[in-house]
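Please open the model in a viewer and keep the selection panel at hand.

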Amino acid sequence: MTPLLEVNHLTVKFLTRSGVSEAVRDISFSLGRERLGIVGESGSGKSVTGRSILRLIRRPGILEADSIKLEGQDLLKLSERAMRKVRGHQISMIMQDPKFSLNPVMRIGDQICEAYRLHAGAGKKEAREKTLAMLETVLIRDPERVFQAYPHEMSGGMGQRIMIAMMLIPDPKILIADEPTSALDVTVQKEVLEIMDALVRERGMGLIFISHDLNVVSAFCDRVLIMYAGRIVETCRADRLHDATHPYTIGLLNSMPRLDRPVEYLKVLQRDAAWDLAPGVSGIADEGDGA
Amino acid sequence: MAALPKWIKGIGHTFFTVLITMVGLLFVTFVIGRVMPIDPVLSIVGESASRATYDAAYRELGLDKPLIIQFLLFLKDMVHGDFGESLLTARPVFQDLLRVFPATLELATMGTIFGVLLGVPLGVIAAVRRGRWADHVARVVALIGYSMPVFWIGLIGLLVFYGKLGWIGGPGRLDIFYVDTVPHVTGMILVDSLLAGDMDVFQNAISHIILPAGLLAYYSLAYISRMTRSFMLEQLDQEYITTARVKGLSESAVIWRHAFGNVKVPLITVIALSYAALLEGSVLTETIFAWPGIGSYITNALLSADMNAVLGGTVVVGLVFVCLNIFSDLLYQFFDPRAQ
């Protein structure tokens, strides 16, 4: 069976004044109808990877890859116009902070309707009904009021639920969630994650969950890619993250504080220049499907 | 106090602000007028007047009273619509203002309309095509607009389009045989001629206004397009633009519906300021095109120490600024839900 998404040898470069900087260096992975976590620190290339899949890398960024295949179809060969039909309709993305990712001067209802009407070709009335239903699906209590409201009147958790509603309303096959809960309170994080999880399962979608939070990813995903300096250094099953073999992954795990195992000093991650170049491992912990 | 509805408080607050601003503006202008080393009496009675005539005029003008009393008397008259008489035109300043301000209003409005219609799209295109040739063209166009002196462009324009080609009307608002042929309603000939249904006069007025209005439009275009470009660049970097692209929207929807929706807000202030600057009257343009507007009126008044006219003109210019500010605040609230 062809996987939902297949990324082959993806490299993203940015041309800067001081030379070429490579944000993503020759990575390959695939995604089935599963929840795939991408973990890494700031600047490891995880967000750029997410945006590359949607071909949203803009100048001065340059995207190079052998192929990015959605159900066997190479997205890199599509025209910009055809790519727009993929965006939102087939692959969607939720971004970090709803404060910035929602248009501040447009009513929430209009923003969600816009996403639906674009791909479904629906009329105003139908879009409105569908939007209200979608808002209910993401557990918003008073959809009529939220429909009329502006983003600044919403809390962070509400905003992110609105983003989920907006991105799922055209019924995409893949959802990329780029740090969807990093800007939220811990208490709200769980709520939002559960809503997202329920919807993704229900619809049998593929999810790429980008995060720097190992705890969340291991609890929430099926499989995890660990990225470091633009490369995938390790691939493993989420529930067996603790058996990871790459020193970077082990270092990350060791530098996390734990309530049940208090230590006097947290370990500091010791970096090794060799990691930049060495090939990634997919050790015992990986029983990756779809690949 | 607490029982008053919000909007009444709002109006009261606005009114109070306007009042304070206007009184302050008048006071400063009035004091400057009085402390200037020009003798207002001499400019009325002339150099060769006798001592007695001089003293009589001095008392009649109220110059023997303390400055603050003079100011209060002046305020009292002004509230009654009495701006005094102009020395230069020997008519009530109020009448003069009714004549010159509509001329400027007409010119500035035309200039602003064209400046906005051309400047805003130019700025948007420059931002979207940042660093490419369209951006460079926009920059050069704006730079020329900023740096070319109006008396030069104006004269060359008259020479070419009026003198050589004969495509447009010459200086003044109308050809001489059309003057005063339509009834004076608003004082703006374009409007008055339309109201009277006289298309000949309308066409003639257009042929006269097009060059000076075009020049003013060029200047406001230069400013508006640069500001639009920078606002637009700021918005295009925002995350909600990525959201719009993720949805699969076309570039034009991303730019005009999403980014421009947010650019409108700060742009209102820029356009209002540029309009206000034109309404103040552009002396050079008015001089070259023999346009009887408020800019040349105030300048002439100032040069001949005609303080009543200067003060009257200042009131009009001040009111224009204050009103445009209030208006742009209102529009701001209309376009930006966060400001409500």
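Select chain B: of its 340 residues, 35% are buried. The model is a predicted one. Oriented along the principal axes, the C-alpha atoms of chain B fill a box of roughly 85 × 70 × 40 Å. Among contacts in chain B with a separation of 6 or more, 69% link residues 24 or more positions apart.

Next, colour chain B by domain. Domain 1 covers residues 22-79, and domain 2 covers residues 100-339. Their centres, taken over C-alpha atoms, are separated by 37 Å. The contact between domain 1 of chain B and domain 2 of chain B draws 9 residues from each. On the side of domain 1 that touches domain 2, the elements giving two or more residues are α1 (6-35) and α2 (40-45) of chain B. The largest share of that side, 6 residues, belongs to α1(B). How many nonpolar, polar and charged residues does the side of domain 1 of chain B that touches domain 2 have? By class, there are 6 nonpolar, 3 polar and no charged residues.

Now show both chains and turn to the contact between them. Chain A contributes 23 residues to this contact and chain B contributes 18 residues. On the side of chain A that touches chain B, select α2 (80-86), β7, α3 (98-101) and α4 (108-120) of chain A, each of which supplies at least two residues. The largest share of that side, 4 residues, comes from α4(A). By class, the side of chain A that touches chain B has 12 nonpolar, 7 polar and 4 charged residues.

Remain in chain A and display its open sheet, in which 6 strands follow the order β7-β8-β9-β3-β10-β11 with mixed pairing. Strands β7 and β11 (231-237) of chain A stand at the edges with a single partner strand each, so one side of each is left without a neighbour in the sheet. From one strand to the next, the twist averages 20 degrees.

Zoom in on β7 (residues 91-94) of chain A and show side chains. A:Ile91 and A:Met93 point one way, A:Ser92 and A:Ile94 point the other way, and all are buried. In general, side chains in a regular strand alternate between the two faces of the sheet. Strand β7(A) runs parallel to β8 (residues 174-178) of chain A, and 4 bridges join the two. Within this pair, A:Ile91 stands opposite A:Ile174.

Elsewhere in the sheet, select β3 (residues 35-39) and β9 (residues 206-211) of chain A, which pair in the parallel sense over 5 bridges. The bridge partner of A:Val39 in β9(A) is A:Ser211.

The last stop is the largest nonpolar core, which has 152 residues. Which residues have the most contacts inside this core? They are A:Ala165, A:Leu175 and A:Ile208. The largest share of this core, 18 residues, comes from helix α9 (residues 199-236) of chain B. Centre the view on A:Ile208; beyond residues up to four places away in sequence, A:Ile208 touches A:Leu31, A:Leu36, A:Ile38, A:Gly50, A:Ile174, A:Ile176 and A:Ala177. One of these, A:Ile174, is the residue opposite A:Ile91.

How values were computed. Residues numbered from 1 in each chain as written. Chains lettered and ligands numbered in written order. Predicted model: local features only at pLDDT ≥ 70, side-chain atom pairs only at ≥ 80, totals over all residues. Domains from an automatic or database assignment. Contact = placed C-beta atoms within 7 Å. Nonpolar A, V, L, I, M, F, W, Y, C, P; charged D, E, K, R; others polar. Core = buried A, V, L, I, M, F, W, Y, C linked by C-beta atoms within 7 Å. Buried ≥ 20, exposed ≤ 12 C-beta atoms within 10 Å, placed from the backbone. Pairing = 2+ DSSP bridges. Axes fitted to C-alpha atoms, helices over the stretch in contact; angles between N-to-C directions.
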